[in-house]
Amino acid sequence: MITTTGLTKIYGADGSRGREITALDGVDLHVREGEVYGVIGQSGAGKSSLIRCINLLERPTAGTVSVAGQDLTALAGRGPRAGKELRQARSRIGMVFQHFNLLSSRTVQDNVELPLEILGRSGKERSRKALELLDLVGLADRAGAYPAQLSGGQKQRVGIARALAADPKVLLSDEATSALDPETTRSILQLLRDLNRQLGLTVLLITHEMDVVKSICDSAALMEKGRIVESGTVSELLATPGSELAAALFPVGGEAAGPDRTVVDVTFQGEAATQPVISQLSRTYNIDISILGAAIDTVGGLQVGRMRIELPGRYEDNVVPIGFLREQGLQIDVVGASDAKTALAKEAVK
Amino acid sequence: MTWSEMQPLLSQACWDTLYMVGWSTLIAVVGGLPLGILLVLTDRGHLLQNVVANKVIGQVVNITRSMPFIILMVALMTFTRWITGTTIGREAAIVPLAIGAIPFFARLVETAVREVDGGLVEAVQAMGGNTWTIVRKVLVPEALPSLIASTTTTIVALIGYSAMAGTVGAGGLGDIAIRYGYQRFETELMWITVGILAVVISLIQFAGDFAARSLYNRGGRSGRAPKLRLLKAKEPASADIGKVA
């Protein structure tokens, strides 16, 4: 649904003044129809530039963007002004913003009607559609209120209703929940998820909060310094050994008790989660296993368990038991070799 | 001078002032609003970025504004005659008043429009709106409270300028105060004119403030601007938590 190839954005590339800053460095992104795709990264990783390049609010320096099979970069023209075709294409892409960006001079209903005014729809049709959408986001009773009278969560609901007014197939969400408290964040994410399911809406969201990815994303990508360093569906990521995103999505803590111990992260998915593997392991090899940390959670609608266990002896002594665990269809990460990586991922999740 | 002598003088003067200030305000708003918006739009990084046009408009505005009104009035005499067919009287005074007020108002419009949150412009761009839509649906309505305040300031400034219009025989309250009050030592009449001017200006200021404030506080809550700033201040904090930890 959304595909970018070699997307590059360099600020100051026009050679006017200041040094050049590379915000995007050859980003290839592929968002499938009907999925919720999360791009996560720290401030300055290039997430905002990425989402702004998708509807060409920022002109990419190089690379292409296509949405619903239409090459937007080809419509861009040369100047900073958007031509008619690009504007039409933009009207088919909804966007919600971190700071809501509602017009304070208009009522809630008039804000939702704005995209339809731009499309030249009749007054009757506009108000019918606006009221229908306000009902969908649960704000039917606040149609006549001004944005200043609403709470943050309500404002974002209006922002979402507005983004959906022109019946887009794609919704871009630029840190939509970052200005909201945790409770409101949950309800907004739930709303996005519902809209994704009910309307078949493809959602591309950027965020710096791992919880957002965890609660609603089907797929995710991790961005660092303008590049996508990891991407895939959530279950693929969880099944990738040493995946930073997986570790960050689903962290388990615990340190080894001594130097001659082996610490292993075990990830269970689906079927494997129901097998009593740890007691089998203990009985078969007659070893004592300490559990350092464990958690079970639902990530992207998938039941996942992760456990950090400690085996006596060095890694060399434990090759056989670890092999046994692998045979059970579990994903095994031996901690130590990738200590630096886990630490990084832990940082990202906080 | 008795009151019965003063009364017709004063009422004529009031009418003259109102006439001159009214028309020149109207022209200043019609001319200054687009000019001020253009000053913002043509600036670097804005929708109609055009450095040359921006510099030219900016310079014209600066030159006109730097000229003392009495000199502007004399300098524009040929132009005034071409427009109104005369260089004396109320109509003749309106031309320099309006031309002096256009750049003044344009600068105020520029400041007001710059205050509009860039995110709103971005939101309308993302909906597929063109520049004209953005001007009509975002910049002007969102800046409206400030624009009204700017208009009030312009009216008050024009009342001040109009005192000098007496030099071209346009009449008005300021003219009465100078000719009768100062030059003929009718101190009483001068104080009455000053009083009337004070009352008129207070009323205009009050009305303007009231209109601007009731628009600004739409929705019964004051100070939406500080609230937005609070939210923005939160953003880097939450983004930095990861680094701190």
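Biologist: Which strands of chain A form the open sheet, and in what order?

Modeller: Keep in mind that this is a predicted model. The open sheet has six strands, in the order E6-E7-E8-E3-E9-E10 of chain A, and their pairing is mixed.

Biologist: What makes E6 and E10 of chain A edge strands?

Modeller: Each has a single partner strand, so one side of E6 (93-97) and one side of E10 is left without a neighbour in the sheet. From one strand to the next, the twist averages 15°.

Biologist: Now the pairing. How do you know that E3(A) and E9(A) are paired, and in which sense do they run?

Modeller: Pairing needs at least two bridges. Strand E3 (residues 36-40) of chain A is joined to E9(A) by four bridges, so the two count as paired, and they run parallel.

Biologist: Why is E9(A) called largely enclosed?

Modeller: The test for a buried residue is 20 or more other C-beta atoms within 10 Å of its own. Five of the six residues of E9 (residues 219-224) of chain A are buried, so the rest of the structure largely encloses this strand.

Biologist: Why is Lys225(A) called partly exposed?

Modeller: It has 14 C-beta neighbours inside 10 Å. Buried starts at 20 and exposed means 12 or fewer, so a count in between is called partly exposed.

Biologist: Where is Leu56(A), and is it buried or exposed?

Modeller: Leu56(A) is in the loop between helix H1 (47-54) and strand E4 (62-67) of chain A. It has 22 C-beta neighbours inside 10 Å, so it counts as buried. Phi of Leu56(A) is positive too, near 60°.

Biologist: On to helices. What angle do H6(A) and H7(A) cross at, and why are they called roughly parallel?

Modeller: The axes of H6 (residues 152-164) and H7 (residues 182-199) of chain A come within 10 Å and cross at roughly 15°. Angles under 35 degrees count as roughly parallel, so that is what H6(A) and H7(A) are called. The crossing of H6(A) and H7(A) is right-handed. From H6(A), the contact uses Gly152(A), Gly153(A), Gln156(A), Arg157(A) and Ile160(A); from H7(A), it uses Thr184(A), Ser187(A), Ile188(A) and Leu191(A). These residues divide into three nonpolar, five polar and one charged.

Biologist: What makes H1(B) oblique to H8(B)?

Modeller: H1 (residues 3-41) and H8 (residues 173-182) of chain B pack at an angle of about 135°, with axes 7 Å apart. Roughly perpendicular covers 65 to 115 degrees and roughly antiparallel needs over 145, so the angle falls in the rest, called oblique. H1(B) is therefore oblique to H8(B).

Biologist: Which residues meet there?

Modeller: Leu9(B), Leu10(B), Ala13(B), Cys14(B) and Thr17(B) in H1(B) meet Leu173(B), Asp175(B) and Ile176(B) in H8(B). The contact residues are six nonpolar, one polar and one charged.

Biologist: Last one: how many helices and strands do chain A and chain B have?

Modeller: Chain A has 13 helices and 14 strands, while chain B has ten helices and zero strands. Buried residues are 46% of the 350 in chain A and 39% of the 245 in chain B.

Conventions: Residues numbered from 1 in each chain as written. Chains lettered and ligands numbered in written order. Predicted model: local features only at pLDDT ≥ 70, side-chain atom pairs only at ≥ 80, totals over all residues. Axes fitted to C-alpha atoms, helices over the stretch in contact; angles between N-to-C directions. Left-handed = near helix turned anticlockwise from the far one by under 90°. Contact = placed C-beta atoms within 7 Å. Nonpolar A, V, L, I, M, F, W, Y, C, P; charged D, E, K, R; others polar.
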